[in-house]
Amino acid sequence: MKSSVKKSRRHFRSQLTQFVGFLALRISVYSVLFMLLYFFYDLGSKGLGAISWEFLSQVPRRGMTEGGILPAIVGTFLVTLITALFAVPLGMAAAIYLNEYARAGRLTRLIRLSIRNLAGVPSIVYGLFGVILFVNILKFGTSILSAGLTLGLLTLPWTITASEEALKSVPDSYREGALALGATKWQMIRTNVLPYSIPGMLTGAVLGLARAAGETAPIMFTGAAFYLPFLPRSFKDQFMALPYHIYIMATQHHAIDKARFLAYGTALVLVAFVVLFNLGAILVRARLRRKWRH
Amino acid sequence: MVSVKKKGVLGDVKESLIKKVFQASGLLAIIVLLGIFALLLYTSIPAFREVSLKEFLTSTGWDPTSPEKPEYGLLSMLASTIMVTLGALLIAFPVGLAVAAYLSDVASPRAREIIKPVVELLAAIPSVVVGFIGITLVGPLIAKTFKLSHGLTALNGSLLLAVMALPTIISISEDSLNAVPVSYVEASLALGANRWQTLVRVKIPAAISGIIASFMLGMGRAIGETMTVLMATGNARAFPHGFLQSVRTLTATIAIELGEVPYYTTHYYALFAIGLVLFIMTFFLNLTADIILEKQKRKLQ
C-alpha cells in the first residue's frame with residue numbers, strides 16, 4: 001500500500017517534469033517565431049512608407065537624403081547575374097560528377113570535405129580573396145565582374161549541395177533503364193537524369209543566389225560604390241548594391257537621421273526580395289518532393 | 001546494340017572527355033579552398049618584414065596609422081571576437097537545442113512543416129539587415145535597459161549573432177537527434193521512461209557528438225560574421241572589459257580599414273594577415289565538426 005503511494009508520487013513527479021520540460025521547449029520555439037515576426041513587423045511598419053514608384057525608379061538625390069534606389073537595384077541584379085553565370089553551371093557540373101561519376105574513395109571524400117569547409121569560410125575572407133585574385137591578379141579592377149565572381153565562389157558550395165540533392169531524388173531505376181537499353185553514361189545523364197533534376201537544381205540555385213544578393217562583406221572592396229547617381233554601363237564599372245547601400249545609409253551617411261527613413265525602405269526592399277525568393281523556392285521544393293514520393 | 005558499336009572509339013573519347021569536364025568542376029572545390037589559403041598566406045607574409053609574429057599575436061595595441069609608432073597587435077580584437085561569439089552561443093545554443101528537440105520530439109508533422117521553413121527564412125535574412133536591426137531596434141533597447149548613452153555594445157553584437165547562429169545549430173542538432181535509432185527510443189519507453197526522460201537521458205546523450213558539432217559550426221558562423229558586428233558593436237579599439245562596452249572584432253577591423261588603406265603597405269598586408277587568422281580559426285572549427293559528424297554517422301548506421 002505504502003509503496004504504491006510512493007510509486008504514484010514518483011510517477012506524478014516525472015509527469016510534472018515532462019510537462020515543464022516540454023513547455024520550456026515550446027516557449028523557446030515561440031520566442032524564436034515571435035522574434036522573427038517582430039523583425040518583419042518593425043521593418044515593414046517603418047519601411048513601407050518610404051516605398052513608392054519614385055523610390056524604386058529614381059536615382060538618389062541631394063546626397064542620398066532624397067530620391068530612390070534604382071542604381072542599387074540594378075547593381076544588385078547585374079552582380080547576381082554574374083554570380084549565377086559562374087556558380088550555377090559549375091555547381092551543377094560538380095554535383096553531376098559527385099553523384100553520377102565519382103566512386104567512394106579518398107579523392108571524393110576530399111572534394112566533399114572541401115565543399116563543406118568552403119561553406120564555412122567567412123564571407124569577408126572571400127572578399128579578401130576576391131581583392132587579390134579578381135581585382136589585382138586578373139586585373140578586373142573594382143567592378144561588377146570582380147564582385148560577381150567573388151560572390152560566385154561564395155555561392156558555389158550551396159549550389160553544389162542543392163544540385164546534388166536534386167540528383168539524388170531521381171530514382172536509380174531511371175538510370176538503370178537507360179543503361180539497360182545500351183545508353184552510354186552521358187546519354188543516360190542527359191536523357192534520364194537531368195530532365196528530372198533540373199527543376200530541383202534551379203530551385204536550389206535561386207535560393208543560393210538570393211542569399212548571395214544580400215551579402216555585403218564580399219562586395220565592399222571588390223566593386224561596390226558608395227554613391228553613383230547613374231546606372232553602370234559595363235561589367236567593368238563600379239556599382240551600387242542594395243546591401244551596401246543599407247550599410248552606408250545606416251552608418252556612413254552625413255545626416256543619418258534624415259536618411260533613416262530611406263534606409264528602412266531599402267532594407268525592406270532587400271528583405272522582401274530575399275523572402276519572396278525563399279518562399280517561392282520552399283513551395284516549389286515541397287511540390288517536387290510530393291511528386292517524387294509517388 | 002549495333003548503334004552503340006557504331007560510335008566506337010570516337011564515342012569513348014567523347015564520353016571520357018565529358019567525364020573529365022565534370023571531374024574538373026568537382027576538383028575546383030579543393031582548388032578554391034587551397035587557393036584561398038595560399039593567396040592569403042602569400043599576401044600576409046610581407047607584413048612580417050616589419051612586424052614580428054610575436055607582436056602581432058600577443059600585443060593588444062592596434063594603431064597602424066600612427067605616424068610615430070604604428071602598432072600591429074591583434075589581441076584586443078581577437079578577445080573581442082571571442083567574447084562576442086561566446087556571448088552569442090550562450091544564448092543560441094540552449095535555444096537552438098530546445099528548438100531542435102521540439103522539432104524532433106514534440107512537434108506534430110504540421111507544426112514541423114511550418115517551423116522548419118521559418119528557421120530557413122531566419123538563415124536567409126541578410127547580415128546587413130540584422131546589423132540594421134541592431135542599430136535601430138536592439139541597440140536602443142539595450143541603452144534604455146542599462147541606462148547607457150548608446151546601445152552599440154558587445155551585448156548587442158552577441159544578441160544579434162545568436163540569431164544568426166541559430167539556424168545552423170537548430171538544423172545540425174535536429175539532424176543528429178533524428179539520426180538516433182528508433183530502437184533506442186523504443187527500448188527506453190518500454191522500460192517505463194516517459195518521453196521527456198527519453199529525450200534527456202537517451203536521445204540527447206546518443207546524439208551528443210552531433211550536438212557538439214552544431215555548437216562548433218555555429219561558433220564558426222559567429223566568428224566570421226562581419227556586417228552585423230561592424231554595425232552593432234560600436235567598434236571601440238580597446239581591449240574588451242565587459243558586455244556593456246563597445247568592442248571591435250577581427251572581421252570589423254578588416255571591413256573598416258581595408259577601404260582606406262593604401263595598397264601594398266604593411267598595414268594592407270597586416271589586414272590580410274587578420275584574414276588568414278580568421279580563415280585558420282574557422283577552418284579548424286569546420287574540420288573538427290565535420291570529422292565529428294562523419295564519425296557519428298558511421299556509429300549510428
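This is a predicted model: local features need pLDDT of at least 70, side-chain atom pairs count only at pLDDT 80 or more; totals for chains, interfaces and linings use all residues.
Helices here are DSSP runs of H or I that are at least four residues long, numbered from the N terminus.

Is Gly26(B) buried or exposed? The cut-off for buried is 20 or more other C-beta atoms within 10 Å. Gly26(B) has 25 of them within 10 Å, so it counts as buried. Set aside its neighbours within four places in sequence, and the contacts of Gly26(B) are with residues of chain A: Ala94(A), Tyr97(A), Leu98(A), Ala102(A) and Ile111(A).

## Chain B as a whole

Chain B has twelve helices and two strands. Reading from the N terminus, the order goes α-α-β-β-α-α-α-α-α-α-α-α-α-α. With a radius of gyration of 24 Å, well over the 19 Å the globule rule gives for 301 residues, chain B is more spread out than a compact globule. Its C-alpha trace spans about 80 × 65 × 35 Å along the principal axes.

How much of chain B is buried? Of its 301 residues, 47% fall in that class. As for contacts within chain B between residues at least 6 apart in sequence, 73% link residues at least 24 apart.

## The two domains of chain A

Over in chain A, domain 1 takes in 2–49 and domain 2 takes in 53–293. Their C-alpha centres are 36 Å apart. Where the two domains touch, domain 1 of chain A puts in five residues and domain 2 of chain A also puts in five.

Definitions and conventions
Residues are numbered from 1 along each chain as its sequence is written. Chains are lettered from A and ligands numbered from 1 in the order in which they are written. A residue is buried if 20 or more other C-beta atoms lie within 10 Å of its own, exposed if 12 or fewer, and partly exposed in between; C-beta atoms are placed from the backbone. Two residues are in contact if their C-beta atoms, placed from the backbone, lie within 7 Å. Domain bounds come from an automatic or database domain assignment. The radius of gyration is taken over C-alpha atoms; the globule rule is 2.2 Å times the number of residues to the power 0.38.
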